[in-house]
Amino acid sequence: MATARDPVCGMTVDKETAIKRKIGDRWYYFCSQQCADVYEAPERELRAMKRRVTLTLVGVVATLGLRVVATFGLVAAIMALEVVGGLSVYSLAIFLVSTPIVWIAGFSIIKGAYFSLRNRKINMDVLVATGVLAGWMYGALNAFFPTIATEPGYLEVAIGILAFVLLGKYIEELIRRRSAASIRKLLELKPTVATIIRNGQEIEVSADELQVNDVIVVRPGEKIPTDGVVIAGYSSVDEKLITGESIPVEKNVGSEVIGATINKTGLLKIKATKVGEDTALSQIIHLVEEAQASNAPVQKFADHIVAWFVPIVFTVAAISFTFWFLTSGFAKAFFALLAVLLIACPCALGIATPTAILAGVGKGAEYGVLLRSGEYVEKARKLSTVVFDKTGTLTKGEPVLTDVKTYSGFTEKEVLMFAASVEKNSEHPLAEAIVKKASVDKVKLVETEAFEAMPGRGVKGTVKRKKVLLGNRKLMLEENISLAGLEKDLATLEEQGKTVMILVVENKVAGIIAVMDTPKDSAAKAIEQLKSMNLEVVMLTGDNEKTAQAVAKQLGITKVIANVMPWQKVDTIKKLQSEGKVVAMVGDGVNDAPALAQADIGIAIGSGTDIAKEAGGIVLIKDDLRDVALGVELSKRTMRKINTNLFWAFAYNVVMIPIAAAGLLNPMYAAGAMAISSLTVVSNSALLKIAKLNFEKFNS
């Protein structure tokens, strides 16, 4: 039976009977229609927003087209014909185009304004809805009763306001919704089935049905279903997804294992110690949810200002209307009222943030840096500390042969030949590193006889009729091999955080081979760049202290925090934040996702897991660590654009509202000025996209 996990409630369902939905390029399976609806709701709303934006933009183009054709020859004459009374064909056409747009595409804003007023609150929807409806009503009066409302063009103004505002809302929502997928991907990592022993027989059950103390059988290549302890067997387990450790960890009786990690070689019997919500992966999911929920979008800054700005606008409009009504009559009063409302309509305010973010995202994409949300951009200007994960972030994430030392008259090529020949029969990552090095150096390998792998110690075999041993100190002790004269070399390599293997041929030490997860080529330069920006750099890793310090020393990092699990990484980030620091976290694995989400700015490596990238606010597409500094600088520049946009949006209102209230501004000019203010914001944001920014200095 093929099963899947419901991404909403987490239940295991049969794919044949489940409710199926294709979202994007993936199929999802749900236990009920309710779960399917909950999961699809955000996607449906986003599609609805897109339809509304499209409708308003089509309306703007249509009304402009009608205005153009109404000025040419025979068509102009037809458009000028009266349908009835003072209603012309042109005015009727504009009315029929604009009215459905105002009341259908604009319904969400009108509805939002209604509920805001009903709750005795005034937000931006109130001012937008007022401007749109006032323009539409005056335009309708002009169409049907041109002698009462003498100024044309307000129907076009109404849908123009809608187009700008809805486009801004759509861009903002499109960017914000991207972060919702990380929890989904974490849930998909959970194993769905488990093989357990009951009454002396192996049976397959849903992973959700596991109970503490169940005995689980995990074969090579299978995921470990839940957290537990090994009670029988020996193997190496790939824990990279959870701990970030690139080299599989040896597991034998008494070793703890983590759910969702992968058993690589031998068969294991595991007693479950934690199930369900208590597992390490479930804790990671909870931490990502918690940290993401605590963030606030930068756009809310505008809403706070609108809370006092909108009442002032209405007060000024009411005072202006009353004054002109008492002194010059209704026409002049409505003229001033409409001018105030239109000139104050915060279209520019609505798009100030999303357009700047969109420009920053576009510019960053050119350089391989993806800015995912304005909330992270907002914090970049105050950034003080950058925390790096080690494995797969600062390092390449896989072991590489770094040193070969020779003894007893053996050459380096001979040492590689014997070591690689015996190791080519092994599937261990350290063996792969040795064989790969021999291949690069074009060392010819020979067949090995009587090969034997000794878990946790090394390997042995016969190469060219010579007995060969390759392993650690424990193996040498078991085989009575003296290490006299090697201690200095061994200690030096081990202090550098390297895994050391000793090669013995015919009971003589032939060489020492050292393997290490080496730093990325761009790592040292990246650290140097960040220090030049007066930022504190910290290494945070689940690896041991000796290895971490060795890598840090190579990269010029002085502050190292080692031996930490994923949930402890989150605690470390919180501790730094409690000290008043604004923290960026750079990582690549599932184990980094909670820390990326908790950090003020999460920076995910492009070659890492999808979960890390979804949890991060900045993604380095090119997997080049020098782009960390570039991403921070781009975030600061984008934030400066946002601040500039907000300043001009409000400055324009402050200057123009008194002029409109004084009756000196034609409503048509007010609508035009409103459009110009929005174009100013868009143009200012576009300068970031088209400018030749001096980012090359970060990647020199």
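Buried here means under 20% relative accessible area, exposed over 50%, and partly exposed in between (1.4 Å probe, protein chains only).The model is predicted: local features need pLDDT of at least 70, side-chain atom pairs count only at pLDDT 80 or more, and totals for chains, interfaces and linings use all residues. Residues are numbered from 1 along each chain as its sequence is written, and side-chain values use heavy atoms, with hydrogens and water left out.

**Whole chain**

Show the chain as a cartoon. Its secondary structure comes to 25 helices and 28 strands; these are DSSP runs numbered from the N terminus, helices being H or I with at least four residues and strands E with at least two. Of the 700 residues, 54% are buried. Among contacts (heavy atoms within 4.5 Å) with a separation of 6 or more, 67% join residues 24 or more positions apart. The chain exposes about 31,200 Å², of which carbon and sulfur atoms supply 58%; accessible areas come from the Shrake-Rupley method with a 1.4 Å probe, and for residues only the protein chains shown count as cover.

**The seven-stranded sheet**

Next select the open sheet with the strand order β16-β28-β27-β26-β17-β24-β25, where the pairing is mixed. Two strands pair if DSSP finds at least two bridges between them. The edges are β16 (369–371) and β25 (559–561); each has a single partner strand, so one side of each is left without a neighbour in the sheet. Neighbouring strands of this sheet are turned by 20 degrees against each other on average, direction ignored.

Zoom in on β27 (residues 601–605) and β28 (residues 618–620), which pair in the parallel sense over three bridges. Ile605 has Leu620 in β28 as its bridge partner.

Axes are lines fitted to C-alpha atoms, for helices over the stretch in contact, and angles run from 0 to 180 degrees between N-to-C directions.

**Helix α21**

Select helix α21 (residues 566–578), which lies across β17 (385–389), β24 (536–540), β25 and β26 (583–587) and runs at about 155 degrees to β26. Thr572 is found in this helix and is buried, with a relative accessible area of 14%. Not counting residues up to four places away in sequence, Thr572 touches Leu540 and Ile561.

**Salt bridges**

The whole structure has 20 salt bridges, each a side-chain nitrogen of Lys or Arg within 4 Å of a carboxyl oxygen of Asp or Glu. Return to Lys575 and show Glu579: they form a salt bridge with the closest N and O atoms 3.0 Å apart. Glu579 also meets Lys581 in a salt bridge (3.5 Å, N to O). Glu579 is partly exposed at 42%, and Lys581 is partly exposed at 22%. Glu536, Lys559, Lys575, Glu579 and Lys581 are linked in a network of salt bridges.

Then select Asp624 and Arg626, a salt bridge at 2.7 Å between the closest N and O atoms. Asp624 is buried, with a relative accessible area of 12%, whereas Arg626 is partly exposed at 22%.
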